[in-house]
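Subject: The structure I promised you

Hi,

Here is the structure we talked about, so please open it and keep it on screen while you read.

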Amino acid sequence: PEYDLMHPFLSCIVATYNAEKTLPIFLESLKRQNLQNMEIIIQDGGSQDDTLGILESLRHVIPYLKIYSAPDKGIYDAWNKAVTHVQGQWILFLGSDDTWVNSDSVSQAISMLRALPEKITYMATPVVVVPHTGDRPNKKEGSMLHPLTPVEQYLPQGMVLPHQGLFHRASLFHQRHFDISFRIAGDYDFLAQTYALGTIHINHTPLVCMAAGGVSSALDSMWRCEWEQLLISRRYFPETIPWKLGLRLVRSLMCAGLVHTLGMSTAALFANGIRKILGRPPLWNVPR
């Protein structure tokens with residue numbers, strides 16, 4: 001196809017650091033897409049493994065691929081650096097092991113975004129959360145993570161629009177950036193400070209699969225995500241009682257305690273048991 005390299009419509013940002021094991025998962029999914037109107041911006045943190053080699057080998061396959069590498073202070077610092085290179089009208093932030101639901105997902109996303117009026121500043125879509133089997137996500141056992149609406153009602157209780165399904169209008173970043181003091185919940189902080197600047201469009205078509213087991217869902221560290229969200233909720237919504245955040249923080253602290261005292265298997269059984277009680281499928285593999 002003909003590529004308009006000067007005017008991509010959608011910019012996809014991926015922060016990497018020593019991602020040679022997970023990056024091929026994302027890139028294989030990406031190569032099946034029609035990339036005529038999307039640029040891929042990789043912001044690497046100075047990887048010491050073969051991450052950059054893998055990326056360089058695909059420059060001829062992915063025409064919109066832009067690669068930058070420099071030390072950073074975490075994922076939100078990397079995202080801030082990457083945003084300065086954006087040429088698209090919309091931005092999507094993905095992880096190095098996230099994948100597209102099917103081969104038409106990028107084309108679907110761009111068609112949906114092109115149809116939106118200027119007053120729309122966010123488009124939120126469901127995300128398929130899939131467990132890991134070894135180094136790869138298992139799509140056969142995925143569960144759906146839907147945006148919670150109305151956003152203004154649920155937002156004080158945490159991140160209600162999963163960021164892998166959250167498309168940001170690029171103009172939001174003209175005078176704003178992610179707060180790098182947050183290590184895990186900086187996307188929630190950015191949404192809390194900007195959601196009222198325009199209108200959020202909810203689309204019910206899932207486009208992206210997120211692999212469970214990242215830092216925000218790892219059983220020994222997800223308490224940090226809940227704690228940061230609690231701090232952010234207090235900053236922007238001081239009149240609301242964040243009881244859901246409080247319950248999730250307690251649960252995640254219990255999981256972390258189980259990891260350190262009885263091991264990952266027990267913690268995974270406990271976490272999956274809670275999901276079963278709530279009528280949800282398991283997300284964490286139980287180590288043997």
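Predicted model: local features only at pLDDT ≥ 70, side-chain atom pairs only at ≥ 80, totals over all residues.

Let's start with H6, which runs over residues 186-194. Is this helix mostly covered or mostly open? It's mostly covered, with 8 of its 9 residues buried. Those buried residues are Gly186, Asp187, Tyr188, Asp189, Phe190, Leu191, Ala192 and Thr194. What does the covering? The elements over them include helices H3 (75-83) and H7 (222-236), along with strands S6 (120-124) and S11 (166-169).

Two packed helices are described by the angle between their axes and the distance between the axes. For H6 and H7, the axes come within 10 Å and cross at roughly 15°. Angles under 35 degrees count as roughly parallel, so H6 is roughly parallel to H7. Their crossing is right-handed. On the H6 side, Tyr188, Asp189, Ala192 and Gln193 take part, and they meet Gln229, Ile232, Ser233, Arg235 and Tyr236 of H7. Sorted by class, that contact has 4 nonpolar, 3 polar and 2 charged residues.

**Helices H8 and H9**

Now move along to H8 (residues 243-261) and H9 (residues 264-277), whose axes come within 7 Å and cross at roughly 155°. Which way do they run relative to each other, parallel or antiparallel? Anything over 145 degrees counts as roughly antiparallel, and therefore H8 and H9 are roughly antiparallel to each other. The crossing here is right-handed. From H8 come Arg251, Met254, Cys255, Leu258 and Val259, which meet Met264, Thr266, Ala267, Phe270, Ala271 and Ile274 in H9. The class count for this contact is 9 nonpolar, 1 polar and 1 charged.

An α-helix has 3.6 residues a turn, so residues three or four places apart point the same way.

**Ser47**

Last stop: Ser47, which sits in the loop between strand S2 (38-44) and helix H2 (51-56). Buried or exposed? Its relative accessibility is 11%, so Ser47 counts as buried. The Ser47 side chain makes a polar contact with the side chain of Asp44 at 2.6 Å. That Ser47 side chain also reaches the backbone nitrogen of Asn18, again at 2.6 Å. Leaving out residues up to four places away in sequence, Ser47 touches Thr16, Tyr17, Asn18, Ala19 and Ser69.

Have a browse and send me any questions.

Cheers

Note on methods. Residues numbered from 1 in each chain as written. Heavy atoms only, no water. Axes fitted to C-alpha atoms, helices over the stretch in contact; angles between N-to-C directions. Helix = DSSP H or I, 4+ residues; strand = E, 2+ residues; numbered from the N terminus. Parallel < 35°, antiparallel > 145°, perpendicular 65-115°, else oblique. Left-handed = near helix turned anticlockwise from the far one by under 90°. Contact = heavy atoms within 4.5 Å. Nonpolar A, V, L, I, M, F, W, Y, C, P; charged D, E, K, R; others polar. Buried < 20%, exposed > 50% of the residue type's maximum accessible area, 1.4 Å probe, protein only. Polar contact = N/O pair within 3.5 Å; in protein donor to acceptor, adjacent residues only side chain to side chain.
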